[in-house]
Amino acid sequence: MNALRNLFKGKGIEIAKEAFDRTILVGKFLCFLHVTNNYICSPTLVFGPSMLPTLSITGDLVLTEKISTRLGKVNNGDIVLVRSPENPKKILTKRILGMEGDKVTYLIDPHNSEKCRTITVPKGHIWIQGDNIYASMDSRQFGPVPYGLVQGKVFWRIWPISGFGSLGEEV
């Protein structure tokens, strides 16, 4: 035991300083991840039938950037993540089809009729729809969505590898 004490005698402060320095480094890295994930860009797993054929029903891993939405730089045709106005715990992936002031014409019930309705998107709102109108809960059901519910703009598909690349406007 004395040999062990002699080995670490005088080294205790160096070991503590090394531990402190590494803890600070890990803390900085975690802060960097937090800022990147919440304010700049984050990977997101999206799945479901509403965005077929653009996104897979079994799930795509996409990159979502958050700067454009904070600066108000999203446009018609952009795919966005939106917090559901009906269930705030859910995040929806939809395409923007109308910005404030735009007139949007949509099928009321695409399964059973060809009846259309036209609406003017109110100030501070957007109109979102899934690419697969037959299997999408979107603005046709819950109306225009407040812009503040937009979480980010999808810009790049990472997985599946066969679909790797940009997800630009495809209206």
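Predicted model: local features only at pLDDT ≥ 70, side-chain atom pairs only at ≥ 80, totals over all residues.

1. Four of the five residues of S7 are buried, so that the strand is mostly covered, by the cut-off of under 20% relative accessible area. On one side of the pairing, S7 runs antiparallel to strand S4 (residues 91-98), to which three bridges join it, and within that pairing Gly98 has Trp127 of S7 as its bridge partner. S7 is also joined by two bridges to strand S8 (residues 145-146), again in the antiparallel sense, with His125 bridged to Pro146 of S8.

2. As to the annotated domain, UniProt places the feature "domain: Peptidase S26" at residues 29-106 and 115-159, and the entry is unreviewed. The span 29-106 is 22% helix and 37% strand, and its end C-alpha atoms lie 47 Å apart. For residues 115-159 the corresponding values are 9% helix and 49% strand, with the end C-alpha atoms 38 Å apart.

3. A further set of pairings involves strands S1 (41-46), S2 (60-65) and S9 (150-159). S1 and S2 run antiparallel and are joined by six bridges, one example being Cys41, whose bridge partner in S2 is Glu65. S2 in turn pairs with S9 over five bridges, also in the antiparallel sense, and here Val62 has Arg157 of S9 as its bridge partner.

4. Which residues lie closest to the centre of the largest pocket? This pocket has a volume of about 430 Å³, and of the 22 residues that line it, Phe47, Ser50, Ile91, Leu92 and Lys94 are the closest to its centre. The elements that give two or more residues to the lining are S1 and S4, and S4 gives the most, with four residues. By class, the lining comprises twelve nonpolar, seven polar and three charged residues.

5. The UniProt annotation "active site", which comes from an unreviewed entry, covers Ser50 and Lys94. Although these two positions are spread over 45 residues of sequence, they cluster in space, the largest C-alpha distance being 7.8 Å. Both Ser50 and Lys94 are included in the lining of the largest pocket.

6. Two cis peptide bonds deserve a look when the model is inspected. One joins Leu52 and Pro53, with omega about 0°, and Pro53 is found in the loop between S1 and S2. Pro53 counts as exposed because its relative accessibility, 75%, is over the 50% cut-off. The C-alpha atoms of Pro53 and Asp131 are separated by 7.2 Å, although the two residues are 78 residues apart along the chain. The other bond runs from Trp159 to Pro160 and is likewise cis, with omega near 10°; Pro160 has its place in the loop between S9 and strand S10 (165-166).

7. How many disulfides does a search of the whole structure find? The search finds zero. Cys41 is in no disulfide, and the nearest cysteine sulfur, that of Cys31, is 19 Å away; a disulfide would require the two sulfur atoms to be within 2.5 Å. Cys41 is partly exposed, because its relative accessible area of 21% falls between the 20% and 50% cut-offs.

Methods:
Residues numbered from 1 in each chain as written. Heavy atoms only, no water. UniProt positions renumbered as here; feature names shortened; annotations may be inferred. Buried < 20%, exposed > 50% of the residue type's maximum accessible area, 1.4 Å probe, protein only. Pairing = 2+ DSSP bridges. 1 Å grid on protein atoms, 1.4 Å probe; cavity = no way out; pocket = protein on both sides within 12 Å on 5 of 7 lines; lining within 4 Å. Points joined across faces, edges and corners; volume = space filled by probe spheres on them. Nonpolar A, V, L, I, M, F, W, Y, C, P; charged D, E, K, R; others polar.
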